[in-house]
Structure formats: structure tokens, C-alpha cells
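Hi,

Here is the structure I promised to pass on to you. Have a look at it first, and then read my notes below.

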Amino acid sequence: MSQTAKENYVRKDAKLFIDGDYVDAVSGETFDTINPATNRKLASVANASEQDVKRAIDVAQRTFESGVWSEMPVDERAKILCKMADLVMERVDELALVETLDVGKPIKESRGFDIPRAAANLRFFAEMAKYMVHEHYEMRHFMSYAKYTPAGVTSLIIPWNLPFMQMTWKASAALAAGNTVVVKPASYTPLSAVMLGEIANEAGLPPGVLNILTGPGGTVGTAMTTHPHVRRISFVGESSTGKTVMRNAASHLIPVSLELGGKSANIVFEDADLDEAVKGSVEAIFRNQGEICLAGSRLLVQESVYDQFLDKFMSAVQRIKVGNPLEPDTDMGALVSRSHLETVEHYIQIGLEEGAKLGYGGKRLSALGDGNFLEPTVLYDVDNKMRVAQEEIFGPVIVIIPFCTEEDAIRIANDSAYGLAGVVWTNDLRRAHRVADRVQSGLLWINCWYVRDLRTPFGGAKDSGIGREGGRHSFEFYSEVKTVTLKL
């Protein structure tokens, strides 16, 4: 496909996927999804209402109760999910193109990471389901065992920054555990998620097991988190919305897993390999235009190497290529929407008014056309009390904060409402473990960033979320556990 053909690629209008079929919303209403790199329409998308949500959840409940999936032997479920993984990789180029057009991210990320990781999600949870070890306990004359059974209808609400990868991260585990699923992708980026229905059908997933609804969170999301048939809710998004989801779920005591915002501290000590720390820190904030909850958006640098690090960091940032997301050498694409671009620009202005210094960037790149392009932006000499250091910007803006001692670094890192992730750059092994132990976060990397072993627990502390998913933690969340005791 030529470059022009890729830029003009438009999938057929996206419909709801319910009970194995693509259908219009009951109201017949649609909304447009927009290419962030051009701000032109990509496709019309069905706009679901509460009535559509009720239908999808009723279908999911009937399907669950039928046992066609929940009672299917685990190895047969695994075969279907592994087939879905194979089909994802067979369509990797198309899925990556759709993801880039809908999100604005560089094609090298969609093609090289997002879609392959989605296939890996499906295959990992399918295989793990076959080898889950269940507990049994013995005492004199009695034996007890814990039986893990599917929880039921599961509502999954997915963010716009990594839509296909995040959808499969959640759905793979829920499906592998035997649940039926209703998914709502973000309204900004619905196209790749809807395509998973085609893949499910081709792989032989029974109708009604996976259902996909597109529409606004205020109606669709609310209905999905308050329906009495829903037995699990997993949400990824901003912290304020997560609190609303939790309140909604409380009405029927529905267990929730919340992966929320972050303002992660990326700490560089004076004994670190500065070149390695610069490379990793640039990646940690400017990958995916900074639209990653795990971004190392607060860069804490020890005063003794502050100026040296700053020089190296600025030089690296200047080499970032912002451009057409479809070009293979583009490092940073377009922000997801014009309104989000304006929000990020507003934060840059707030930072300057608060006294931060502008080291690089801060400008909209109008030379690239009508898309939502922004220069990678460096704010330095930032005080941790500033709004730009406390609030999640979710864009290509790094705030650099000097610190004096290890105690200062830990205090600054923990002086945040968030606690999702963190990074420590040091060649002192004892310091690495001390700091990792004391930074309040659900994840922490030492001399690396964004390395994920799918067996490990994933989640945040404080306003960054509740619960853990990944490996056995996902199966524990998406299952009901029953203890059975028998007399020997």
C-alpha cells in the first residue's frame, strides 16, 4: 500500500459487536472518529446507548449461564485464544495501520510493539490458564481445596492511548478464566478494538462471549458499571473517573480493578551511567507522545550531576523526530485530539507562570499540517510543589527537579497523590534496593523502563489505582474462589 493510500485508508464504518454480529446502535446514531495527524474523519462509529448496553450484558449473561464457554475445558478455550493470537499477527500490518491512524502514534510503535504485545497477551493467558495450580490443604481426617470458577459477566473499559494492547491485556485474562466480556473502548480510538470481533469469530469464539460497545463513557460506561448482572469491572483511565467507577460498582458490590493515573518519579543519582540514564529517561517520557500512564514524567536529578545531565538530556531531546506517524523513522506522532493538545499547551503555560524554565520545545508544529503536533518539551528547575509536578499532564512534557541527597529524592518522589511507577538510575546496588523499597509505587524499575514480565503483578498505589493484574493475580481477580472441605 502506497503512503498516500495509507494516509487515506478508511475502514468500513464501525458497528457494535454483540452476540457474534456487527449491529447498529438501537438509536441509529453514530459519531466520527478522527485522525489526530490530520484532524480529518476516519470513519463513522455506532453510538451505543443504555439500551445497547443492556442488550449486550443480557447476551453475555445468557451465554455465561449456558456454559458454552464457562464450562468448556480449559485446553479448548486456550486453543481458541491462541488462534486469535495467530490471527492478530496475520493481520499485524492492517491492525498497526488502523492503530496509528486512530491514535496518532508512530507506526514503528504500533507495528513493533502494540500489536505483537496484544498477540502475546492472548497467548500468555491462554497458556497460563492450562497450568494454573490450585491449592489443597490437609488436616487430620479432612481435606480442603480451593476451586476457582469464572466470575461471570465482566465489564472492561479501555483507554485511548494503547487501545488494542490494553483491550487484549484485560480481555485475554477474563476470557481465559471462563468469563463472558463486554468491552468499551475509548471514543477517541474505537477502530482497532472493534476489529477484535472479526478475529474472535474467525477463531471460533462462541457468539456472546465477547461483546464490544462504542460510545460515550457518561452513558455506556455508567451502564456497564451499574448493571446487576456484571460481576467484575476492570477500568483503565484517569483517577477521577476511576473513583466514579468505584462508586457505581458499590451499588451492587461489584469487585473492581482500577489502573489509574500517574506522575512517576524517574530518579537519577550521581553514580549512574548518565548516558544510559539519558537514553532511558527520554524514552520514559516521550514514547507515545508522553501519553502513557507509566511515563517517568517527574525527572529527579542529583545536584552534583544536574548541569551535566541537563546538557546531555537536551541534546538527546533535540534529536527526536516529530512527524507523520506513518513514516518509519518518526519518533513522536500527534496527540490524540485537538482538545488534548490544548490542555497540554495550557499546562506548559502554567509551568512557566509558576517559575519553571523552558529548556526546549513548548510549541505547536503547524508546519506539519492540521494535526495535533507538539514539540517535545523540557521544563527544568521545577519545584515539586508546582502544578506541573503534581498533576498528570499526559503529554510530551518533562519536568526536571534537582535534589541533594537520597533522602531528598525519596521524599520528593513520595510527595505526590499518585503511586503508579518509578525508575531509579544508579550503579550502587544497595542504594537501588533501598530506594526501591521506600518509593511508594506499584512498579519500580532499576536502570531500565517499561520492561514487563506478564507473570508479575501490575497496578498502582494511592490515586494510581486499586488491585493487581498480571499472571495469577489476573486469574484471582476474574474468578470466584470457593473452598470445598471433605471428610476423609
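Below is what I found, feature by feature.

First, some ground rules. This is a predicted model, so local features need pLDDT of at least 70 and side-chain atom pairs count only at pLDDT 80 or more, while totals for chains, interfaces and linings use all residues. Residues are numbered from 1 along each chain as its sequence is written, and side-chain values use heavy atoms, leaving out hydrogens and water.

Let's start with a sheet. Helices (H or I, at least four residues) and strands (E, at least two) are DSSP runs, numbered from the N terminus. Two strands pair if DSSP finds at least two bridges between them. Three strands form an open sheet in the order β5-β6-β22, and the pairing is antiparallel. β5 (136-139) and β22 (479-487) are the edge strands with a single partner each, so one side of each has no neighbour in the sheet. From one strand to the next, the twist averages 20 degrees (axes are lines fitted to C-alpha atoms, for helices over the stretch in contact, and angles run from 0 to 180 degrees between N-to-C directions). Between β5 and β6 (residues 142-150) there are four bridges; Tyr-137 has Ser-144 in β6 as its bridge partner.

Next, a pair of helices. The axes of α6 (residues 163-176) and α7 (residues 191-203) come within 8 Å and cross at roughly 50 degrees. That makes α6 and α7 oblique to each other (under 35 degrees counts as roughly parallel, over 145 as roughly antiparallel, 65 to 115 as roughly perpendicular, and the rest as oblique). Where do they meet? On the α6 side you'll find Pro-163, Phe-164, Met-167 and Thr-168, and on the α7 side Ser-192, Ala-193, Leu-196 and Ile-199 (contact means heavy atoms within 4.5 Å). The residues of this contact divide into six nonpolar, two polar and no charged (Ala, Val, Leu, Ile, Met, Phe, Trp, Tyr, Cys and Pro count as nonpolar, Asp, Glu, Lys and Arg as charged, and the others, Gly among them, as polar).

Now find Glu-259, in strand β11 (residues 256-259). An unreviewed UniProt entry annotates Glu-259 as "active site"; UniProt positions are given in the numbering used here, feature names are shortened, and annotations may be inferred rather than shown by experiment. Is Glu-259 buried or exposed? Glu-259 is buried, with a relative accessible area of 5% (buried means under 20%, exposed over 50%, partly exposed in between, using a 1.4 Å probe and protein chains only). Leaving aside residues up to four places away in sequence, Glu-259 touches several others, including Gln-166, Trp-169, Lys-170 and Glu-469.

Strand β18 (residues 422-425) is worth a look too. In a regular strand, side chains alternate between the two faces of the sheet. In β18 both faces are covered: Gly-422 and Val-424 on one side, and Val-423 and Trp-425 on the other, are all buried. β18 runs parallel to β12 (residues 265-268), joined by four bridges, with Ile-267 partnered by Val-424. β18 also runs parallel to β19 (residues 445-446), joined by two bridges, and there Val-423 is partnered by Trp-445.

Finally, two loop residues. Asp-19, between β1 (16-18) and β2 (21-23), has a positive phi near 60 degrees and is partly exposed at 32% relative accessibility. Asn-288, between α10 (274-286) and β13 (298-302), has a positive phi near 55 degrees, but Asn-288 is buried at 0%.

Cheers
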